[in-house]
Amino acid sequence: MTCGAAGLTRPGPWQRAPWQRVATGDDTVAVAERAALGTSARVAVWPPENLGAACAATGDVLAALDLQASRFRPDSELSWLNEAGGGLFMLGDGLAEAVGVALAAARWTGGLTDPTVGAALVSLGYDRDFAAISQGGKPPGGHDGEPPGAPVAAPGWPLVRLDGPLLRLPPGIRLDLGATAKGLGSDRAVRAVMSATGHRGGILVSLGGDIAVAGTPPRDGWPVAVAEEPDQAVPSQLIRLAAGAVATSSVSARRWRRGDAVLHHIVDPRTGRPAAGPWRTVTVAAATCADANAASTAAIVAGGRAQDWLTAAGLPARMTGHDGRVCRLGGWPAGDGRPVPVPPGSRVYAGGPR
């Protein structure tokens with residue numbers, strides 16, 4: 001059975017919003033942002049005349065990713081897969097890469113991230129775009145006053161088989177690519193921008209704070225604000241990123257209530273419940289944003305084992321506990337304005353990001 005995006009071209013609502021220029025006080029860099037994929041997208045480029053091409057290239061990448069891998073668009077390839085009830089599918093190239101990255105991340109993290117958590121998230125009430133949940137939208141056939149459903153542990157990523165574009169999905173498994181999709185989007189976007197601008201200058205792309213950079217950075221690296229809470233007015237730290245990526249996972253964001261339970265979107269695949277470890281926010285640096293995205297999510301799920309796991313993975317990280325304590329690993333800088341080291345190599349892209 002073929003599962004492709006051909007003919008599915010209806011834009012999502014966020015795609016109608018224009019890019020908005022952001023004042024920076026620095027005339028050597030241009031910045032713009034817009035809503036995208038249920039979060040915010042920001043591009044920063046130098047030289048400034050690259051901004052138009054950067055916004056267009058990034059917009060095209062994110063529109064394609066939305067159509068490939070959104071769990072909330074009924075016309076996406078992923079939604080079609082999840083509703084098909086299992087089987088053998090020929091995927092489009094984009095979704096095949098996205099599923100491959102998610103499975104590679106699951107293998108690398110020992111199942112701390114797992115793309116088979118889709119049914120668990122639906123059971124918890126995360127069954128539509130988060131904006132609809134946070135604005136009080138009602139789930140199909142129910143209401144937010146109902147308690148969450150019984151926890152549904154992930155069936156397990158080894159049950160999913162991907163051979164090139166050919167996917168074998170057992171009945172009853174619903175895929176969710178949230179542990180890697182934003183990182184994948186940032187990685188794809190910076191490569192597309194560099195191609196569109198003739199590899200001149202440099203680019204930073206952020207999807208909800210999951211950041212990839214490419215090209216030549218500004219002097220001392222791109223300034224990146226690290227925050228521990230959504231919409232935090234004053235960042236907890238300012239670092240410099242010359243290459244690679246950083247990504248943040250937090251249980252303080254994307255929270256909702258079902259009955260008396262306050263839930264969040266980072267699910268422990270082993271239990272089907274929101275992760276309940278000691279860390280509220282983890283930021284990780286890696287060679288690619290998909291690697292950093294997977295690692296920060298895995299650290300939240302790992303709980304008390306997160307420090308050991310990140311150390312073994314050789315990844316710099318900044319971790320903030322529910323009690324406010326901060327733990328830095330792998331050479332993460334202690335002060336503001338210092339560069340964060342980025343180890344080479346990817347664990348989630350076969351042969352490196354394409």
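Glu83 counts as exposed in this predicted model, because its relative accessibility of 59% lies above the 50% cut-off. Its side chain meets that of Arg174 in a salt bridge, with N and O 2.9 Å apart. This pair links distant parts of the chain, since Glu83 belongs to helix 2 whereas Arg174 sits in the loop between strand 7 and helix 6, 91 residues away. Arg174 has a relative accessibility of 26% and therefore counts as partly exposed.

The loop between strand 7 (166–169) and helix 6 (181–196) also holds Asp176, which forms a salt bridge with Arg71 whose closest N and O atoms are 2.6 Å apart. Arg71 lies in the loop between helix 1 (51–69) and helix 2 (77–83), so the pair ties together parts that are 105 residues apart in sequence. Here both partners are buried; for Arg71 the relative accessibility is 14%, which is why this residue falls into that class.

Because Glu97 belongs to helix 3 (residues 93–108) and Arg188 to helix 6, the pair ties together parts that are 91 residues apart in sequence. Arg188 counts as buried at 11% relative accessibility, and Glu97 is likewise buried, with a relative accessible area of 9%. Elsewhere, salt bridges that share partners join Asp66, Arg73 and Asp75 into one network. A search of the whole structure finds 9 salt bridges.

How values were computed
Residues numbered from 1 in each chain as written. Predicted model: local features only at pLDDT ≥ 70, side-chain atom pairs only at ≥ 80, totals over all residues. Heavy atoms only, no water. Helix = DSSP H or I, 4+ residues; strand = E, 2+ residues; numbered from the N terminus. Buried < 20%, exposed > 50% of the residue type's maximum accessible area, 1.4 Å probe, protein only. Salt bridge = Lys/Arg side-chain N within 4 Å of Asp/Glu carboxyl O.
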